[in-house]
Amino acid sequence: MLQYTIRRLLGMIPMLLLISFVVFTLAKMMPGDPFGGEIDPTRTDPKYIEEMREKLGYNDPIYVQYWRWITKFLQGDFGISTTHKMPASEIIMERIPNTLLLAVTSLVITYVFAFFMGMYAGRKPYTISDHVIAGYNYIALAVPSFVAAIVAIYFFSFKLNLFPYSGSVAIGLQPGTWEYYVSRLHHVALPALVLGLMSTASYTQFLRNDIIENSRKDYVRTARAKGVKESKIYNKHILRNSMIPLVTFLGFDLVTLVSGAVITETIFTYPGLGQLFLQSVATRDYAVVMSITMLLSIFTLLGNLIADLLYGIVDPRIRLE
Amino acid sequence: MEVVTNKNDAERKIASQSNHSPWALARKKFIRNKLAMVSLSFLMLLSLLSILAPYILNVDIARVDFLNINLPPSSEHWFGTDSNGRDVFARTLYGGRVSLLIGLASTLCVTLIGTIIGAIAGYVGGKIDQFLMRLTDFVLTFPFTVFVVVLNTILIGKVSGVWTLIMVISLLSWGGTARIVRSKILAEKENEYILAAISVGCSPFKVIAKHLLPNVASTIIVQASLLMAVMIVVESSLSFIGFGVPADTPSWGNMLSEARNSDVLQNKPWIWVPPCLAITFTILSINFVGEGLKDAFNPKSNR
């Protein structure tokens with residue numbers, strides 16, 4: 001297991017190198033200058049600009065520029081943001097907790113709801129409640145999350161006034177106080193509910209089908225023959241086996257959530273990584289764009305690794321070689 | 001006694017089916033699936049209305065009309081007008097043209113690229129397979145939305161708007177299809193008829209195109225139909241955040257992006273409800289058709 005993990009981590013290095021090539025090339029191809037953060041825009045003197053360009057290494061060969069960027073990136077120096085006039089790493093670090101909070105909350109919501117719906121539907125398949133759950137899942141699968149978000153804002157924020165529709169915390173609250181944390185949860189609730197409830201479908205159907213399949217197996221028949229209570233069979237014997245596959249979705253789901261954050265955060269004007277990314281693309285703030293793209297790619301690779309590792313951990317029948 | 005009747009039934013079934021091709025059987029099964037047929041009719045009607053929109057509607061959708069902005073639905077403007085005074089009903093139909101075109105075109109591109117790469121990797125194997133699969137892994141590790149936004153920013157203005165998006169989406173999303181096709185081809189090529197085809201001197205191209213692909217076509221078709229729903233969501237969500245189709249082209253996502261203005265969202269629901277419903281029903285129908293196809297092609301299901 002450890003050996004496998006180390007080998008996978010080593011295997012990520014060439015992948016990351018390739019991705020960094022792509023990101024660098026794309027940044028160079030984008031209109032404008034990718035490293036213009038340190039040039040003072042108020043001074044338009046062409047001599048000054050030329051001097052700064054020389055100093056920042058614009059005129060160096062492309063591979064020198066790439067090497068400078070990637071070594072700095074690995075040391076945690078993401079460059080200077082043009083719009084914010086501060087190190088890109090600081091701005092990004094500021095946003096990461098918000099995005100993570102949103103991702104984790106919506107994951108918890110997905111798991112809790114999918115767990116109960118899947119268990120119920122699996123225990124009573126082909127009944128009305130099973131069909132209702134399946135119908136809900138079909139609709140949740142069909143409605144894109146940003147459409148659901150628009151409708152949710154319309155009803156819950158504007159008509160019922162239950163949740164705020166923008167920001168991550170109410171203005172004027174001191175960080176660290178009780179009200180501050182409550183306000184943050186209140187702000188994250190609506191986006192997390194929309195994201196979480198819209199992605200229960202695959203989990204629920206998976207759990208349901210697995211429970212139905214397991215309930216026909218020999219070990220369940222044995223348990224019944226022994227006289228184990230029906231509720232105990234379902235909640236203990238079957239559930240333990242059916243939970244296994246669900247865990248493996250976790251890695252992939254984290255990836256989708258973080259990548260999908262770009263859209264959700266824009267709708268809720270929630271100050272996370274995704275919103276920062278779009279703003280930076282719009283203002284041509286390349287240091288931030290490149291760093292976020294790299295970070296999200298690394299995150300995707302890690303998510304896939306986590307998914308594979310969890311697969312081996314929860315199911316001893318699968319040996320990771 | 002029961003066993004015997006079952007066996008007779010089974011034999012009769014086989015006998016009655018023996019004169020149908022698998023395709024005819026699948027078609028029969030699909031036609032019997034009511035939900036899928038209703039969905040298919042809905043999709044066809046919607047496509048037809050969208051295609052014919054310029055001929056049946058006598059409205060100039062690009063014209064900004066400041067005298068008639070934000071009108072609620074009336075007999076003159078069925079769905080009202082938007083904040084530039086354009087008719088929402090006409091824009092929904094025109095938007096369908098763009099959204100469905102992007103969905104269809106990028107699905108075709110993705111399926112084509114994915115099938116070619118998957119088929120070559122699965123059939124040839126060895127070094128080429130390894131290389132192609134690494135390439136697939138590589139494409140799959142890109143965070144999709146992020147790279148689409150970046151690529152679109154670079155390419156916009158160089159190629160006509162709608163086709164930029166189709167190209168970018170297709171380039172980044174063929175990975176899943178390639179993997180599925182490869183695994184299907186790997187299983188299928190172990191069959192003896194493939195060995196026979198090779199031994200009579202069929203070229204690899206002919207083996208793939210004439211013998212292997214028709215036998216994995218059902219999987220590809222099902223995958224493609226479900227992919228199309230994903231593509232329409234991708235188009236509309238990208239246009240919604242302002243990085244998809246150029247803003248002057250009506251598409252469902254572009255229409256929805258008006259809802260980012262909180263006044264429109266709060267007080268003028270007629271502007272954003274039609275594209276919302278159009279997207280939702282289209283995707284629901286595509287999913288039902290996809291499920292229907294999956295059922296129809298599955299010889300084990302007898303619905």
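Biologist: What is the accessible surface of chain A, and what share of it belongs to carbon and sulfur atoms?
Modeller: This is a predicted model. The accessible surface of chain A comes to about 16,500 Å². Carbon and sulfur atoms hold 66% of that surface.

Biologist: How many helices and strands are in chain A?
Modeller: Chain A has 12 helices and 0 strands. Along the sequence the pattern reads α-α-α-α-α-α-α-α-α-α-α-α. Its C-alpha atoms fill a box of roughly 90 × 55 × 35 Å along the principal axes.

Biologist: What makes a residue count as buried, and what percentage of chain A does so?
Modeller: Buried means under 20% relative accessible area. Of the 321 residues of chain A, 46% count as buried.

Biologist: What share of the contacts in chain A joins residues at least 24 apart?
Modeller: Take contacts between residues at least 6 apart in sequence. In chain A, 70% of these join residues at least 24 apart.

Biologist: Why are α10(A) and α11(A) called roughly perpendicular?
Modeller: Helix α10 covers residues 230–267 of chain A, and helix α11 covers residues 273–282. Their axes come within 7 Å and cross at roughly 85°. Angles of 65 to 115 degrees count as roughly perpendicular. The crossing falls in that range, so α10(A) is roughly perpendicular to α11(A).

Biologist: Which residues make the contact?
Modeller: From α10(A) come Ala261(A), Val262(A), Glu265(A) and Thr266(A). From α11(A) come Leu273(A), Gly274(A), Gln275(A), Phe277(A) and Leu278(A). By class, the contact has 5 nonpolar, 3 polar and 1 charged residues.

Biologist: What makes the phi of Tyr126(A) worth a look?
Modeller: Most residues other than glycine have a negative phi. Tyr126(A) is not a glycine, yet its phi is positive, about 65°. Tyr126(A) sits in the loop between α4 (88–123) and α5 (128–142) of chain A.

Biologist: Is Tyr126(A) buried or exposed, and how do you know?
Modeller: The relative accessible area of Tyr126(A) is 58%. Exposed means over 50%. Therefore Tyr126(A) is exposed.

Biologist: Which loop holds Arg284(A), and what is its phi?
Modeller: Arg284(A) is in the loop between α11 and α12 (286–314) of chain A. Arg284(A) has a positive phi of about 55°, although it is not a glycine.

Biologist: Why is Arg284(A) called partly exposed?
Modeller: Its relative accessible area is 36%. Buried is under 20%, exposed is over 50%, and partly exposed is in between. So Arg284(A) is partly exposed.

Biologist: Which residues of chain A does "domain: ABC transmembrane type-1" cover?
Modeller: The UniProt annotation, from an unreviewed entry, covers residues 96–307 of chain A. Over residues 96–307 the chain is 82% helix and 0% strand. The end C-alpha atoms of this stretch are 21 Å apart.

Biologist: How many helices and strands does chain B have, and what percentage of its residues counts as buried?
Modeller: Chain B comes to 13 helices and 0 strands. Of its 303 residues, 50% count as buried. The accessible surface of chain B is about 15,400 Å², with 65% belonging to carbon and sulfur atoms.

Biologist: Which residues of chain B does UniProt list for "transmembrane region"?
Modeller: The unreviewed entry lists several spans, among them residues 35–57 and 100–126 of chain B. Residues 35–57 are 96% helix and 0% strand, with end C-alpha atoms 30 Å apart. Residues 100–126 are also 96% helix and 0% strand. The end C-alpha atoms of residues 100–126 lie 39 Å apart.

Conventions. Residues are numbered from 1 along each chain as its sequence is written. Chains are lettered from A and ligands numbered from 1 in the order in which they are written. This is a predicted model: local features need pLDDT of at least 70, side-chain atom pairs count only at pLDDT 80 or more; totals for chains, interfaces and linings use all residues. Side-chain values use heavy atoms; hydrogens and water are left out. Axes are lines fitted to C-alpha atoms, for helices over the stretch in contact, and angles run from 0 to 180 degrees between N-to-C directions. Helices (H or I, at least four residues) and strands (E, at least two) are DSSP runs, numbered from the N terminus. Angles under 35 degrees count as roughly parallel, over 145 as roughly antiparallel, 65 to 115 as roughly perpendicular and the rest as oblique. Contact means heavy atoms within 4.5 Å. Ala, Val, Leu, Ile, Met, Phe, Trp, Tyr, Cys and Pro count as nonpolar, Asp, Glu, Lys and Arg as charged, and the others, Gly among them, as polar. UniProt positions are given in the numbering used here, feature names are shortened, and annotations may be inferred rather than shown by experiment. Buried means under 20% relative accessible area, exposed over 50%, partly exposed in between (1.4 Å probe, protein chains only). Accessible areas come from the Shrake-Rupley method with a 1.4 Å probe; for residues, only the protein chains shown count as cover.
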